[in-house]
Amino acid sequence: MTKKSSLPPILLQQSRRRVIWSGWKLVIILSMGLCVFALFRLHLSPPPETLLSRRRSSFSREVVFSGPPKVAYLFLVRRGLPLDFLWGSFFENADTGNFSIYVHSEPGFQFDESTTRSHFFYDRQLKNSIQVIWGESSMIEAERLLLDAALEDPANQRFVLLSDSCVPLYNFSYIYSYLMASPRSFVDSFLDVKEGRYHPKMSPVIPKDKWRKGSQWVALIRSHAEVIVDDVVILPVFKRLCKRRPPLDASKGKLNIKLQKQHNCIPDEHYVQTLLSMSGLEGELERRTVTYTVWNQSATKMENKGWHPMTFSYANASPRKIKEIKGINHIYYETEYRTEWCQTNSTFVPCFLFARKFSRGAAMRLLSEGIAGPFDASSILARSVPD
């Protein structure tokens, strides 16, 4: 038999109501407490810019070295270095105490007598390299690995990122003087207002007004290289939200329509620029690249219209063309209505030290005709470094 409650029905109903009400009060009190706690944490949490600044100051490396400062040449390559013969000649005329070389190639690739024609690249590959895919965050991770390795040498004071198709436009002495004379990094950086690559979900970590675009081929001072290597705030956002839209594939038919509606973002054209903008460092930059690229617009059955760099062949790498590139002294940024007159150490100079994309034939022509010849760098070093 089931034992019935001895309480009258009215009292029993009132007792149940009190229990239910007590439960609701507990839920309301806990909810209010959680809201207060969340608001308290939000109030105490610094904005992303502050987080970046704190991490930068706490991870700053002690720089103690004797001898001349070095330029670290950071080569980001697919496998081998097809223009090693030109770079070998470039480094041959330099003091070995003025530069260092680091190469990120595919995992397992070795630079030795069997894979390169220049001894300057022997064993210069990173041991911790990763597989890089164009248009994915692995590209910026590889750049960070190069910078991290180069920062281990305290004498490295300038860091130049180069591709496997880059060539120098001047001799070593001029490029060294040009870079060392400036207390600023050379980072192509401008407002990106047209392509819609900024993902709204990046906010509030990356505010839209801090979003930047530019060439990935940068030349950095040491403190800015440290900022990039030490970043743990911006990179995760890029990994999650900045991804390349897949190219058109005829075999996928109507599925292409769906694929082309995906958000499109090329990480290596935005990461360094946005990170330095977020870190409040744009005032320490020459907001331009020192690596020349000429862009062609092409369209095929497999692609929408897009911009692609033109490859220089033997025929169009003439002395006249190289002279034309070396004569460029300003860059116009349409989205900011800004003309960047190229300077270093308060002296007006040619904008570009390097150029891409050069074939082997084009590089051979540069070498045989002595186009990347000597240049008097004394005019740059004559002035004092600006405040």
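Is cysteine 265 buried or exposed? At 0% relative accessibility, cysteine 265 counts as buried, where buried stands for under 20% relative accessible area, exposed for over 50% and partly exposed for values in between (1.4 Å probe, protein chains only). The model is predicted, so local features need pLDDT of at least 70 and side-chain atom pairs count only at pLDDT 80 or more, while totals for chains, interfaces and linings use all residues. Residues are numbered from 1 along each chain as its sequence is written, and side-chain values use heavy atoms, with hydrogens and water left out.

Cysteine 265 takes part in a disulfide with cysteine 242, the two sulfur atoms being 1.9 Å apart; a disulfide is taken as a pair of cysteine sulfur atoms within 2.5 Å. This pair links distant parts of the chain, 23 residues apart: cysteine 242 is in the loop between α7 (234–241) and α8 (255–259), and cysteine 265 in the loop between α8 and α9 (271–278). Helices (H or I, at least four residues) and strands (E, at least two) are DSSP runs, numbered from the N terminus. The torsion about the S-S bond is -75°, and the link of cysteine 242 and cysteine 265 is left-handed. Cysteine 242 is buried as well, at 1% relative accessibility.

A disulfide also joins cysteine 342 and cysteine 351, with 1.9 Å between the sulfur atoms. The disulfide of cysteine 342 and cysteine 351 is right-handed, because the torsion about its S-S bond is about 90°. Cysteine 342 has a relative accessible area of 1% and is buried; cysteine 351, at 0%, is buried too. The count by the distance rule comes to two disulfides, and with the bonded cysteines of the protein chain numbered in sequence order the pairing is 1-2, 3-4. Cysteine 166 is buried, with a relative accessible area of 0%.

Arginine 244 is found in the loop between α7 and α8. The C-alpha atoms of arginine 244 and cysteine 265 are separated by 5.0 Å, although the residues are 21 places apart along the chain. When residues up to four places away in sequence are not counted, arginine 244 touches Trp134, Gly135, Asn264, Cys265 and Ile266, contact being defined as heavy atoms within 4.5 Å. With a relative accessible area of 29%, arginine 244 is partly exposed.

Cis peptide bonds occur at the following positions. Serine 203 and proline 204 are joined by a cis bond with an omega of about 5°, and proline 204 is found in the loop between β6 (190–191) and β7 (212–213). Arginine 356 and lysine 357 are likewise joined by a cis bond, with an omega of about 0°; lysine 357 lies in the loop between β17 (354–356) and α11.

In helix α10 (residues 319–326), the residues Ile322, Ile325 and Lys326 are buried. These residues lie on the same side of α10 because they cover an arc of only 95° around the axis, the arc being that of the directions from the helix axis to the C-beta atoms. The buried residues of α10 pack against β10 (291–293) and α11 (360–368). Arg320 and Lys323 are exposed and sit on the face of α10 turned away from its buried side.

The structure holds two cavities of 30 Å³ or more. On a 1 Å grid over the protein atoms alone, a cavity is a set of points where a 1.4 Å probe fits but cannot get out, and lining residues have an atom within 4 Å of a point. Grid points are joined across faces, edges and corners, and a volume is the space filled by probe spheres set on the points. The largest cavity has a volume of about 60 Å³. Its lining consists of Leu74, Glu143, Leu147, Phe159, Leu161, Val218, Leu220, Ile228 and Val272. The elements giving two or more residues to this lining are α4 (138–151) and β3 (156–163).

Terms used:
1 Å grid on protein atoms, 1.4 Å probe; cavity = no way out; pocket = protein on both sides within 12 Å on 5 of 7 lines; lining within 4 Å.
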